[in-house]
Amino acid sequence: GLAAGTRVQGVLLAIPFAMEYVSVHRLDLRRFRPSVLAGALIPAGLGTYMLYLYGLTGDPLAFVRAEAGWNRGTMWPWQVIATSLADVPKTLRYHPYFQAHALMENGLLLVCLLLLIVGVRLVPISFSLYGLAYVAVTVSAPVTSSDIPITSISRYLFVVVPLYVVLARLGRWPIFDRLYLMLATGSLALFTTLFLNHMWGA
């Protein structure tokens with residue numbers, strides 16, 4: 001409930017909850033227990049926030065309308081990804097920094113999608129579906145006024161828990177473990193340095 005109350009993507013936790021509950025109790029209603037009602041807590045957080053907005057503004061979807069103030073629109077996720085990749089060369093006309101930023105955001109998104117797809121064979125399918133749904137919903141609200149429509153996608157992806165589970169499973173292979181450790185450590189040092197010098201902000 002708290003997850004959905006702070007970010008609308010929290011509602012997607014209903015996907016693994018429902019799939020795992022059904023995998024245990026099957027579709028036999030006689031095997032369902034009162035614990036199934038716990039699933040109602042997931043959308044309850046968002047519902048409570050919408051009631052609050054309705055009382056405050058008269059519009060329960062005010063948080064959706066407010067996206068326009070941040071120059072965000074709504075598009076199909078595959079359209080956003082295609083547009084974002086096509087716009088990468090355009091970012092060079094501003095400054096090499098912007099192209100580096102675009103490459104980083106797009107590269108991270110593609111790597112995360114690849115991990116979630118690979119993860120179908122490594123983690124419960126409910127985890128993979130939740131991760132893919134989270135990415136799809138997040139990407140579908142691009143910044144329409146920028147040549148980097150998926151600006152800040154990196155910080156939104158950091159909370160996709162299935163990604164870490166997939167990485168942990170892949171870490172069973174020593175070669176992957178060593179390569180990931182070197183890449184992660186180097187990236188941490190690089191982006192920390194850039195951030196401290198006011199040159200990077202996710």
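These legends walk through several close-up views of a predicted model, starting with the whole chain.

Residues are numbered from 1 along each chain as its sequence is written, and side-chain values use heavy atoms, with hydrogens and water left out. Because the model is predicted, local features need pLDDT of at least 70 and side-chain atom pairs count only at pLDDT 80 or more, while totals for chains, interfaces and linings use all residues.

**Figure 1. The chain as a whole has 10 helices and zero strands.**
Helices (H or I, at least four residues) and strands (E, at least two) are DSSP runs, numbered from the N terminus. Followed along the sequence, the pattern reads α-α-α-α-α-α-α-α-α-α. The C-alpha trace spans about 60 × 55 × 30 Å along its principal axes. Of the 202 residues in the chain, 31% are buried; here buried means under 20% relative accessible area, exposed means over 50%, and partly exposed lies in between (1.4 Å probe, protein chains only). Among contacts (heavy atoms within 4.5 Å) between residues at least 6 apart in sequence, 66% join residues at least 24 apart.

**Figure 2. Helix H6 (residues 96-118) meets helix H9 (residues 161-170).**
Axes are lines fitted to C-alpha atoms, for helices over the stretch in contact, and angles run from 0 to 180 degrees between N-to-C directions. The axes of H6 and H9 come within 9 Å and cross at roughly 70°. That makes H6 roughly perpendicular to H9 (angles under 35 degrees count as roughly parallel, over 145 as roughly antiparallel, 65 to 115 as roughly perpendicular and the rest as oblique). The crossing is left-handed; a crossing has this hand if the near helix is turned anticlockwise from the far one by less than a right angle, and is right-handed if clockwise. On the H6 side, look for Cys 112, Leu 115 and Leu 116; H9 brings Pro 162, Leu 163, Val 166, Leu 167 and Leu 170 to the contact. By class, this contact of H6 with H9 has eight nonpolar, no polar and no charged residues. In this scheme, Ala, Val, Leu, Ile, Met, Phe, Trp, Tyr, Cys and Pro count as nonpolar, Asp, Glu, Lys and Arg as charged, and the others, Gly among them, as polar.

**Figure 3. H6 also packs with H7.**
Here the axes lie 9 Å apart, at an angle of about 155°. That makes H6 roughly antiparallel to H7, and the crossing is left-handed. Leu 109, Leu 113 and Leu 116 of H6 meet Ser 128, Gly 131, Leu 132, Val 135 and Val 139 of H7. The residues of this contact divide into six nonpolar, two polar and no charged.

**Figure 4. Helix H2 (residues 14-25) packs with H7.**
The angle between H2 and H7 is about 160°, with their axes 8 Å apart, and the two are therefore roughly antiparallel to each other. H2 and H7 cross in a right-handed way. From H2 come Ile 15, Pro 16, Met 19 and Glu 20, and they meet Ile 125, Ser 126, Leu 129, Tyr 130 and Ala 133 in H7. By class, the contact has seven nonpolar residues, one polar and one charged.

**Figure 5. Gly 131 sits in helix H7.**
At 0% relative accessibility, Gly 131 counts as buried. Leaving aside residues up to four places away in sequence, Gly 131 touches Leu 116, Val 160 and Pro 162. Leu 13 is 118 residues from Gly 131 along the chain, and their C-alpha atoms are separated by 9.5 Å.

**Figure 6. Two serines, Ser 140 and Ser 152, lie in the loop between H7 and H8.**
Ser 140 is buried, with 16% relative accessibility. The side chain of Ser 140 reaches the backbone oxygen of Val 137 at 2.7 Å, within the limit for a polar contact (a pair of N or O atoms within 3.5 Å; within protein, one must be able to donate a hydrogen and the other to accept it, and residues adjacent in sequence count only if both atoms are side-chain atoms). Not counting residues up to four places away in sequence, Ser 140 touches Gly 73, Thr 74, Met 75, Pro 77 and Val 80. Ser 152 is buried too, with a relative accessible area of 9%. Although Ser 152 is not a glycine, it has a positive phi of about 75°.
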